[in-house]
Amino acid sequence: MAREIMESVHATSHVQRSFDPVTVRADFPALHQDVHGKPLVYLDTAASSQKPNAVIDAMTDFYRNDYSNVHRGVHLLSQRATDLYEGARSAVRRFINARNDREIVFTRGTTEAINLVSRSYGRDHIKEGDEIIISAMEHHANIVPWQMIRDMTGANLRIIPMNDDGELLIDEYKKLFNDRTKMVAVVHVSNALGTINPVKEMIEIAHSWDVPVLVDGAQSTPHMSIDVQDLDCDFFAFSAHKMYGPTGIGVLYGKEELLEILPPYQGGGDMILSVTFEKTLYNEIPNKFEAGTPNIAGAVGLKAAIDYLSQFDLDEIARYESELLQSATERVKEFTGLTVVGNAAQKASVLSFLLCAVHPHDIGTIFDQKGVAIRAGHHCAQPVMQRFSIPATARASFAMYNTTDDVDRLIDAIEYVLEVFS
Amino acid sequence: MDEIRELYQEVILDHNKNPRNFHVMENADAELEGYNPLCGDHYTFYVRYDDSETKRIAEVSFTGNGCAISKASASIMSAFIKGKTKDEAEHYFNLFHDIVVGKKSAADHIEELGKLAAFAGVSEFPMRVKCATLPWHTLHGAITGEDTTISTE
């Protein structure tokens, strides 16, 4: 109880800075450069975010001053590195409101976190004829690992369908459950469509069947505040690099009682208590899942990203980004021949579109010459493209450092594409 | 002329909009798929040889989808390569490649390049070289008897 009170005091005292996109921009050095002679407009955060000085400096300082391997070292630098690494774990726990640090496993990213769950959970708990529910808008990272388990075990995948606006059909989802359902794995925010899925409601439905739920939070963590206890998800996976942190590190949150029963994912140093050639005793959670020297500097960078974000009221950032997305959407829709792909009522960050018959890769190249960085392609969500019978989309994605000036430049770039292809 | 206009020349935009020889070929002598999975450019090429001793390329056609660069490259190639021997096709395959990667200057080969010279601007866009070369690699594969899907990624 005392801890809970401390936590809430801590959480509110974190808000130190009122959110202003212009001063936020100043914190991100990479945004202030010219590309092909034009000031860069970075609209590719859904692929990866830029990094604030706070993150870059924290990682540099760590390598300059405190670097060593973590755990077991008796010297001072190892102690410092361990404190920073475990401090990062606590920061993650606070950031997503997990119950305790033991529920936070560091991974290479969202993809590895999902692979960890699918492999470890699948090995002992998924059998021939069992069913795994995923949705029609999953990133390949939340499809392929489950297909691999399906092929290993003889289980089946069931797919939650979506409507033409890119919203999951919850009534259809309810019908997918039966006694053989063993896992639900669903994306929180779609990277291809921007749809915010009603994961809390979906988790409640799954739990009424005693089925655990993994939420792919790669696209949600940078854009909304996450409370894993409120969601009551069983697993939550996300990556640092999409939320202003470094590449190569991510997080698997898992409820303690579930992590306890999962077998280790990889074997090696750090994940053991003792090793003989006859028998190995595994370490406790979360270390059981962290074989080998971890990405220590990555954890330091992730903590710096969390600290950076935590200066602000995340709900205020979410509101700002939502208004920006909405105004950009309204403005691009004024172009005849432009189709927005993904028109869910609840969306975050992502504006996927088609422009007349111009292929998204041509749009991407022409935008780039105007200094506007977007992504073109299937966004690692080919089943989404198949659902809408399109090969690819052009995708602009917005973050806390984007402004209405960026939307103006997006509009100019679209005009230029139309001019070139007229 | 800016670099974008260099890349998207009129002739390229025209062939993208109205691709020539854009159809399935019945009774083709060779048929091969070209597919760049990362960007999604996906074509099937068909080749028919004539009855002469040297087996000249009588006709090339294609179907599929992709960006303006890949589609225009496929279309212009299909028209250009008609009547060429396999050796000549090999020569132009290599020359086209050298032009779009910037190894050779289009200006030095302007006469023999004909409409292929329109792709000289691609060398300024390294990310798009694979789009321009996919049709050529696929045709080359079809002519040399490859039977698995070609990719330039």
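**Close-up 1. Phe353(A) and its bridge partner in β17(A).** In this predicted model, Phe353(A) has Ala394(A) as its bridge partner in β17(A). Strand β14 (residues 350–355) of chain A and strand β17 (residues 393–397) of chain A run antiparallel, joined by 4 bridges; two strands count as paired if DSSP finds at least two bridges between them. Strands here are DSSP runs (E, at least two residues) and helices are runs of H or I with at least four, numbered from the N terminus. As for bookkeeping, residues are numbered from 1 along each chain as its sequence is written, and chains are lettered from A and ligands numbered from 1 in the order in which they are written. Local features need pLDDT of at least 70, side-chain atom pairs count only at pLDDT 80 or more, totals for chains, interfaces and linings use all residues, and side-chain values use heavy atoms, with hydrogens and water left out.

**Close-up 2. The open sheet β13-β14-β17-β16 of chain A.** These 4 strands pair in the antiparallel sense. β13 (338–341) and β16 (375–377) of chain A sit at the edges with a single partner strand each, so one side of each lacks a neighbour in the sheet. On average, neighbouring strands are turned by 30 degrees against each other, direction ignored.

**Close-up 3. Strand β7(A) between its partners.** Strand β7 (residues 181–187) of chain A is mostly covered, with 6 of its 7 residues buried (under 20% relative accessible area, 1.4 Å probe, protein chains only). It pairs with strand β5 (residues 131–135) of chain A in the parallel sense over 4 bridges, and Met183(A) is the bridge partner of Ile132(A). Another 4 bridges join β7(A) to strand β8 (residues 213–216) of chain A, again parallel, with Val187(A) opposite Asp216(A).

**Close-up 4. Helix α3(A) against helix α11(A).** The axes of α3 (residues 53–66) and α11 (residues 296–310), both of chain A, come within 8 Å and cross at roughly 145 degrees. Axes are lines fitted to C-alpha atoms, for helices over the stretch in contact, and angles run from 0 to 180 degrees between N-to-C directions. Residues that meet (contact means heavy atoms within 4.5 Å) include Ala58(A), Phe62(A) and Tyr63(A) from α3(A), and Val300(A), Ala304(A) and Tyr308(A) from α11(A). By class, the contact has 12 nonpolar, 2 polar and no charged residues; Ala, Val, Leu, Ile, Met, Phe, Trp, Tyr, Cys and Pro count as nonpolar, Asp, Glu, Lys and Arg as charged, and the others, Gly among them, as polar.

How values were computed. Buried < 20%, exposed > 50% of the residue type's maximum accessible area, 1.4 Å probe, protein only.
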